[in-house]
Amino acid sequence: MRRSVFLCLVSIVPCLAAGAILAQDAPRLRGPEPFTKEIPAPPMQRQVTDDVRVRRNYPDQPPVIPHSIEGYAMDLNANKCMSCHARKFTDQSQAPMISVTHYQDREGNTLGGLAPRRYVCVSCHVPQTNAKPLVDNVFTDMDALAEPERQPERGRH
Amino acid sequence: MAAGISRAWGWFRGNPWVRTALSPPGYLSLAFLTLGGFVAGVIFWGGFNTALEYTNTEKFCVGCHEMQANVFEELKGTIHFTNRSGVRATCPDCHVPHEWTNKIARKMQASKEVWGHIFGSIDTRDKFLAMRKHLAEREWERMKANDSLECRNCHSSESMDLTKQNPRAASAHERFLFSGERTCIDCHKGIAHRLPDMSGVPGWQ
């Protein structure tokens with residue numbers, strides 16, 4: 001009995017110590033204030049709604065939404081996004097059509113329309129805000145890695 | 001023929017109710033009847049309009065739990081309920097015509113809704129959801145028929161500044177609204193309440 005208590009302590013103490021040490025290094029996403037203190041929420045960020053297409057950071061990235069989607073229906077009954085981005089509405093809306101990958105089910109069979117697994121657009125496509133990143137972004141564009149001599153701006157992003 | 005008309009006229013004048021109504025008053029003065037009629041008219045007309053206006057308030061609309069638990073709850077999250085400028089569109093602003101004749105016509109139609117309330121046609125959430133498409137279609141049809149008048153009571157295309165809109169909205173309004181090709185409700189469905197199953201509705205899929 002005493003032995004197991006001792007073993008327990010021996011295993012718990014390093015964990016607690018490590019936690020305390022690592023906690024000092026962890027990025028404080030909630031700001032410099034200690035978590036015991038209640039701080040006012042930061043203001044809501046404004047959405048980017050300038051309708052200018054945003055470059056993808058890598059080829060498979062779901063494109064981000066450059067317009068407001070406030071109040072858009074997205075439920076079992078209705079999908080407002082498809083009122084512009086569905087193939088049959090792109091001539092009147094001049095919006096980009098949903099990608100052909102969205103017509104395929106998980107087995108790769110091409111369907112007649114939007115695949116059910118792709119129905120909830122905002123699972124992948126999201127609007128952006130002007131918020132300042134909480135931590136530095138060290139992402140490097142793939143092109144900058146593959147062809148450094150043709151990407152003089154490497155290092156700036 | 002003439003004899004027939006004359007006989008009918010005689011029968012009409014001979015009716016005791018008609019005789020009383022057409023004979024001059026025996027006790028009341030002309031001044032009393034004139035002024036009294038005027039005052040009674042004012043009271044009746046004022047009371048009628050007061051009652052009419054009372055039925056045209058948000059408080060009255062959400063007095064029925066069908067409205068309060070379903071459509072009013074849904075309205076609460078939308079821009080027509082809270083927004084940066086603090087203007088609120090309440091139920092009658094969008095669902096009752098503001099002009100008197102049309103308002104009375106709509107109020108008469110609403111007697112059907114009183115019937116629905118009494119007999120509980122949408123008194124549970126499930127019943128409401130089952131009826132939602134029908135209810136929504138009635139409103140869409142009404143607004144399409146009057147060229148989205150209730151929208152335009154506040155949002156007129158004359159006072160719309162396209163340069164203040166984002167390019168997407170500006171071009172859509174220029175192409176479809178200003179050309180008269182479409183009216184507000186054609187594109188702006190479900191802006192204040194949740195939508196029914198939209199399969200088969202033009203512009204949706």
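Predicted model: local features only at pLDDT ≥ 70, side-chain atom pairs only at ≥ 80, totals over all residues.
α9(B) has a kink of about 50°. The kink is centred on Met131(B). So much for the helix itself; now what follows.

Just after α9(B) comes Asp147(B), with a positive phi of about 55°. Then look at Ser148(B). Its phi is also positive, near 55°, and Ser148(B) is not a glycine. Ser148(B) sits in the loop between α9 (125-145) and α10 of chain B. Is Ser148(B) buried or exposed? The cut-off for buried is 20 or more other C-beta atoms within 10 Å. Ser148(B) has 21 such neighbours, so it counts as buried.

Move on along chain B. Met160(B) is in the loop between α10 (149-152) and α11 (167-177). Met160(B) has 14 other C-beta atoms within 10 Å. A residue needs 20 or more to be buried and 12 or fewer to be exposed, so Met160(B) is partly exposed. Now pick out Leu30(B). Met160(B) and Leu30(B) are 130 residues apart in sequence. In space, C-alpha to C-alpha, they are 57 Å apart.

Now chain B as a whole. Chain B has 12 helices and zero strands. Along the principal axes, its C-alpha trace spans about 75 × 45 × 40 Å. Buried residues come to 9% of the 205 residues in chain B. Take the contacts in chain B with a separation of 6 or more: 57% of them are between residues 24 or more positions apart.

Over to chain A. Chain A has four helices and zero strands. The pattern along the sequence is α-α-α-α. Of its 157 residues, 6% count as buried. For contacts between residues at least 6 apart in sequence, 40% join residues at least 24 apart.

Which residues form the largest nonpolar core? There are five: Cys81(A), Met82(A), Ala86(A), Ile98(A) and Cys121(A). Leaving out residues up to four places away in sequence, Ala86(A) touches Ile98(A) and Gln205(B). Ile98(A) is also in that core, while Gln205(B) belongs to the other chain.

One more residue in chain A. Gln94(A) is not a glycine, yet its phi is positive, about 60°. Gln94(A) is in the loop between α3 (90-93) and α4 (142-146) of chain A. With 12 C-beta neighbours inside 10 Å, Gln94(A) counts as exposed, because the cut-off for exposed is 12 or fewer.

Last, the interface. How many residues of each chain take part? From chain B, 14 residues are in contact with 11 residues of chain A. On the chain B side, seven of them are nonpolar, five polar and two charged.

Note on methods. Residues numbered from 1 in each chain as written. Chains lettered and ligands numbered in written order. Contact = placed C-beta atoms within 7 Å. Nonpolar A, V, L, I, M, F, W, Y, C, P; charged D, E, K, R; others polar. Helix = DSSP H or I, 4+ residues; strand = E, 2+ residues; numbered from the N terminus. Core = buried A, V, L, I, M, F, W, Y, C linked by C-beta atoms within 7 Å. Bend = angle between axes of the 7 residues up to and from the residue.
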